[in-house]
Amino acid sequence: MTRNYDVDAIKSLKVEINQMDPVDLADRLQDMDPVSVALWLKLLDKDKAADTFAELDRETKRQLIDSYTDDAIRTLIQELDEDELVDTLQELPANMVRRLMDEFVTGDRRVIVNKLLGYPEDSVGAIMTVEFVSAKASAGMEHIYQRVMTSNLDGDKLEQIWITDDSLILLGYVFLADVLRYMDQPVEEMLRPLPRTVQATDDQEIVAKLAYRYDLSEIPVTDSEGRLIGTVPLEDAVDIMHEEYEEDLSNIHGIQESSDDVYLDRSIFAIAKDRTTWLIICLITATMTGFIIQRYESLLAASVALTAYIPMLMDSGGNAGSQSSTTVIRFLYTGDIGFSDTLQVMWKEVRVGFITGIILVIVNFIRMTLLGPETLPVKLTVSLTLLITVMLSKMVGGMLPLIAEKIHVDPTVMAGPIITTLVDTFALLIYFEVATHLINL
């Protein structure tokens, strides 16, 4: 009786999990023991099992492959797309990769996988898929239809059919729906031109930028002569956007933690190590502010009131610079501005800084008048320094990301600790120099 119940329960589970999305399945499997994970994957249809496996974290993948039989591994690898297989291999230890490649990846597929593995980790080539359907424009709609009908690719890879000329140079694409509806029309009538293509050696971030800018569902990858060698689906472009966002956020705040790590599972020493690097850099560079304060020690001793406004001036400058850098980085990402616009950006940010600085000066002057007993020279010193600091911070904050982009450094590296340190140094120098002249000390 119990045996029948178990069989019925397993059948019910099989129906239930085969209706789930692979992403949700992977989330469920992350919290299970290896035996249960293996059982669930065995109950899934082959395609869904492969898609679910591709969504698992690296440690779970490693444990599963360790526990699988050779036949189970062979079946899994056969069902994985080439790009999914490459992603998996990049996450596994070297000895396991050698075993899988030697025993289970053979023939033409081995050539393809080896080629994809040869691209740099963050390049377009490392994430592209080589599974697509293409046809020559001169062949006609009927030929394209036959190519689709005889293809063994999944439906999501057949939404766009790539069109080339007789020399295999990529011209554009046609939608499958248009092929079905307009069989009697010339291919050229249905052809949709490409706004841009990418090359396999380009940085993967370019794919995300193109998908966002042109609303592309697939981004074609071409060789140096314009021939199609692969595509990057929108789902991968979205993943890249997420990865780049997390990386940019980490750079801005000066941390180096990987998005692949599970926070609660990480050692506190590993987290501390990742976060300490930038703090040490800032600590060392901040010694400049200490030297500046020591240099003007007599000025501070003669007018103690100046000391109270140092944090406000430094914070205002740092915040103003971060605002500008964040805005510029956003428009760099969308392609609206580039290094050639540096002078225009600097001029614009200076004017923005003047307007916001004047407003801050008025508010701060009123605050100092109502709450503080400071003399007029002190008020003027603080106000003029605040205006100059905000203008300078806006200009520097807008300029540094553009320079970083030009020299192929991630602009977000400039958006956090570096801008703050530079602005703090400038703010103090300006403050004490203005005070020296206005207060006559």
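Modeller: A salt bridge is taken here as a side-chain nitrogen of Lys or Arg within 4 Å of a carboxyl oxygen of Asp or Glu. Please bear in mind throughout that this is a predicted model.

Biologist: With that cut-off, which residue forms a salt bridge with R192, and how far apart are the closest N and O atoms?

Modeller: The pair ties together parts that are 14 residues apart in sequence, because R192 lies in strand β4 (residues 192-193) and its partner in helix α11 (residues 176-181). The partner is D178, and the closest N and O atoms are 3.5 Å apart.

Biologist: How many salt bridges does a search of the whole structure find, and which residues are linked with E59 in a network?

Modeller: A search of the whole structure finds 10 salt bridges. One of them joins E59 to R62, with the closest N and O atoms 2.6 Å apart, and both residues lie in helix α5 (residues 58-67), 3 residues apart, about one turn of the helix. E59 is partly exposed at 37% relative accessible area, and R62 is likewise partly exposed at 25%. The residues linked with E59 in the network of salt bridges are R62 and D66.

Biologist: Which residue meets R227 in a salt bridge?

Modeller: R227 is partly exposed, with a relative accessible area of 29%. The N to O distance in the salt bridge is 3.3 Å, and the side chain that R227 meets there is that of D223.

Biologist: N18 has a polar side chain, so to speak, in a loop; is N18 buried or exposed, and which backbone oxygens lie by a polar atom of its side chain?

Modeller: N18 belongs to the loop between α1 (2-17) and α2 (22-30), and at 16% relative accessible area N18 is buried. Leaving aside neighbours within four places in sequence, N18 is in contact with L43, L44, D45 and K48. A polar atom of the N18 side chain lies 2.7 Å from the backbone oxygen of K14, and the other backbone oxygen, at 3.1 Å from a polar atom of that side chain, is that of L43.

Biologist: Within what arc do the buried residues of α4 fall?

Modeller: In helix α4 (residues 46-55), the buried residues are A49, A50, T52 and F53. Seen down the axis of α4, they line one face of the helix, because they fall within an arc of 165°.

Biologist: In what order do the strands of the open sheet lie, and which residue of β6 is the bridge partner of Q199?

Modeller: The 3 strands form an open sheet of mixed pairing, in the order β5-β6-β7, and the edge strands, β5 (198-199) and β7 (228-233), each pair on one side only. β5 pairs with β6 (residues 218-222) in the parallel sense over 2 bridges. In β6, the bridge partner of Q199 is T222.

Terms used. Residues numbered from 1 in each chain as written. Predicted model: local features only at pLDDT ≥ 70, side-chain atom pairs only at ≥ 80, totals over all residues. Heavy atoms only, no water. Pairing = 2+ DSSP bridges. Helix = DSSP H or I, 4+ residues; strand = E, 2+ residues; numbered from the N terminus. Buried < 20%, exposed > 50% of the residue type's maximum accessible area, 1.4 Å probe, protein only. Polar contact = N/O pair within 3.5 Å; in protein donor to acceptor, adjacent residues only side chain to side chain. Contact = heavy atoms within 4.5 Å. Arc of directions from axis to C-beta.
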